[in-house]
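Keep the sequence at hand while reading.

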Amino acid sequence: MVAENSTPHLHSAVEPKQTFRRALDMSIRAAMPSLFIMFSAILLSAPFGIPGQAQLQFGIAMCTVWFWAHSRPRSMPALAVFLCGLVVEIFSFGPPGTVLLSLLVIYGVAHHWRYGLSRLGFLMGWLIFSIFAIIASFFQWALVCLHAVALLSPAPGLFQAALTIGIYPSLTALFVWGRRTFANPDQA
């Protein structure tokens, strides 16, 4: 009879060793969504003269947080959302705290509803995201009106909502591809 301790452990050959290089690689892969938001915020703060550049900053951040919070939450933890919100706030021109608060609320909703959202099809998920994009844009417009102590035109807020809703499908396609390739922290 063979002793149990003398049989080789079969699982040790299958699992890769956790080296510093592998840990660094996994950390960078997991941080890809946050790095994407930060890079986009910095890039879109440059004076390129693109119409809707400021609204695009918010739209990219909101789409990224929504997608990653419900599809792979460990790639978009709450602390990363907070730090990304701070970076977007620094490089945006709206009242302080509006983007940060909107991103944290969007994160909370997507993270809390992630199991239900994962069962829905793309169109239903896009519809739910659209409702929250409209609410977040209205919230920002209301805070800008309060900050200016005047009733301002809602056109920029409506444009921001439409732009955010419009870029969601293309960003989702990019993120699905990224989730399967370079942004997968479990990939060897």
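In this predicted model, Leu79, Phe82, Leu83, Leu86 and Leu104 together make a nonpolar surface patch of about 410 Å². Helix H5, residues 78–91, supplies the largest share of the patch, with 4 residues.

An α-helix has 3.6 residues a turn, so residues three or four places apart point the same way. The length of H5 can be checked as well: with 14 residues at 1.5 Å a residue, H5 should span 20 Å, and its end C-alpha atoms are 20 Å apart, so the two values agree.

What does the UniProt record say about "transmembrane region" positions? The unreviewed entry places this feature at residues 30–48, 76–93, 127–152 and 158–177; such annotations may be inferred rather than shown by experiment. In the model, the span 76–93 is 78% helix and 0% strand, and its end C-alpha atoms lie 24 Å apart. The span 30–48 is 74% helix and 0% strand, with 30 Å between its end C-alpha atoms.

Charged side chains come next. Side chains of opposite charge can pair when their charged atoms come close. How many salt bridges does the chain have? The count comes to 1. The salt bridge joins the side chains of Asp25 and Arg29, at 2.9 Å from N to O. Both residues belong to helix H2 (residues 20–30), where they are 4 residues apart, about one turn of the helix. Are the two partners buried or exposed? Asp25 has a relative accessible area of 28%, so it is partly exposed. Arg29 is at 15% relative accessibility and therefore counts as buried, since buried means under 20%.

One backbone angle deserves a look. Val149 has a phi near 50°, which is a positive value in a residue other than glycine. Val149 lies in the loop between helix H8 (122–148) and helix H9 (155–180). Because its relative accessibility is 73%, Val149 counts as exposed.

Finally, consider the chain as a whole. Its secondary structure comes to 9 helices and 0 strands, and the elements run α-α-α-α-α-α-α-α-α from the N terminus on. Of its 188 residues, 39% count as buried. Among contacts with a separation of 6 or more, 74% are between residues 24 or more positions apart. The accessible surface of the chain comes to about 11,100 Å², and carbon and sulfur atoms account for 73% of that area.

Technical notes:
Residues numbered from 1 in each chain as written. Predicted model: local features only at pLDDT ≥ 70, side-chain atom pairs only at ≥ 80, totals over all residues. Heavy atoms only, no water. Patch = residues over 30% accessible without salt bridge, like charges linked within 9 Å, V, L, I, M, F, W, Y side chains within 5 Å. Areas by Shrake-Rupley, 256 points an atom, 1.4 Å probe, with all protein chains shown as cover. Salt bridge = Lys/Arg side-chain N within 4 Å of Asp/Glu carboxyl O. Helix = DSSP H or I, 4+ residues; strand = E, 2+ residues; numbered from the N terminus. Expected span 1.5 Å × (residues − 1). Buried < 20%, exposed > 50% of the residue type's maximum accessible area, 1.4 Å probe, protein only. Contact = heavy atoms within 4.5 Å.
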